[in-house]
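Hello,

Here is the structure we talked about. Please open it and keep it beside this email as you read.

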Amino acid sequence: TNVLVIGAGTMGTQIALHCAMNGCGVKVYDIKEDMLKTSVQKMGMYLEELAGSGVITEAQCGGIMARIAATADPREAGEEADVVSESVPEDPALKAAVFRKFDCICPPDAVFTTNTSSLVPSMIAKKTGRPDRFAAMHFHPPVWETKIVDIAPHPKTSPETVKTLERFVRGINLVPITLKKEHHSYVFNNMLNALLGSAMGLVVGK
């Protein structure tokens, strides 16, 4: 019901907006106020495009934005979160520090996820404070068009957490692909990289 998105960059912005479009209450957290302002502006632009293409109606836009709050206050951001989606830069130490902070703020049953695909979740799982309720949940841009979300548990992720994330992903009208074991780049990007590699080989071969 309540989603916390940590990091107001491109992916955080899209994840937050898609969750709000599908009925969730969303908090977007970033340490930089200017990033939050830019994120909200981009959401408005995305909604205009989606309304223009008939995906949503203009009448729905106000209600969607009303479900989103942007804040640089960690306690305000996390105290009611059910699901946390982290999209900060690809630095394991930074990600671990962020999760340590929010482990002290978020409800004990909240599920923590990272949007990374270049790292595997076991690299930071222990430092989240709740390794059994932590996994990767990797979205692909544009979130509302690709429809795919990789769910990558690590060895200590509980089966209940995996099921919770699968239900969550389906609940926001996306399709979960769950890995049975950790693997860099997960499913979608591994397939995409193979296709891109083949395409590059054909071009170079010419």
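**What I found**

Start with Trp-144. Its relative accessibility is 11%, so Trp-144 counts as buried. The cut-off for buried is under 20%. Keep in mind that this is a predicted model.

Tyr-46 comes next. Its relative accessibility is 17%, so Tyr-46 counts as buried too.

Now look at aromatic pairs. A pair of aromatic rings is described by the distance of the centres and the angle of the planes. The count here comes to four aromatic pairs. I will take you through two of them.

How are the rings of Tyr-46 and Trp-144 placed? Their centres are 5.1 Å apart and their planes stand at 70°. Planes over 60 degrees apart count as edge-to-face, so this pair is edge-to-face. Where do the two residues lie? Tyr-46 is in helix H2 (residues 33-52), and Trp-144 is in helix H6 (residues 143-146). The pair therefore ties together parts that are 98 residues apart in sequence.

The second pair is Phe-99 with Phe-134. Here the ring centres are 5.3 Å apart and the planes are at 70°, so this pair is edge-to-face. Phe-99 sits in helix H5 and Phe-134 in strand S6. The pair links distant parts of the chain, 35 residues apart. Are these two residues buried or exposed? Phe-99 and Phe-134 are both buried.

Phe-99, Phe-112 and Phe-134 form one aromatic cluster. Arg-130 lies over the face of Phe-112, 4.1 Å from the ring centre.

**The sheet behind it**

Now step back to the sheet. Eight strands form an open sheet with mixed pairing. Follow the order S3-S2-S1-S4-S5-S6-S7-S8. Which strands stand at the edges? They are S3 (68-71) and S8 (175-178). Each has a single partner strand, so one side of each is left without a neighbour in the sheet. On average, neighbouring strands are turned by 25° against each other, direction ignored.

Zoom in on S5 (residues 111-114) and S6 (residues 134-139). These strands pair in the parallel sense over three bridges. The bridge partner of Phe-112 in S6 is Phe-134.

Helix H5 (residues 92-103) packs on this sheet. Which strands does H5 touch? They are S1 (2-6), S2 (25-29), S4 (83-86), S5 and S6. The direction of H5 makes about 165° with that of S5.

Best wishes

Methods. Residues numbered from 1 in each chain as written. Predicted model: local features only at pLDDT ≥ 70, side-chain atom pairs only at ≥ 80, totals over all residues. Heavy atoms only, no water. Pairing = 2+ DSSP bridges. Helix = DSSP H or I, 4+ residues; strand = E, 2+ residues; numbered from the N terminus. Axes fitted to C-alpha atoms, helices over the stretch in contact; angles between N-to-C directions. Contact = heavy atoms within 4.5 Å. Phe/Tyr/Trp six-rings, centres within 6.5 Å; stacked < 30°, edge-to-face > 60°. Buried < 20%, exposed > 50% of the residue type's maximum accessible area, 1.4 Å probe, protein only. Lys NZ or Arg CZ within 6 Å of the ring centre and 35° of its normal.
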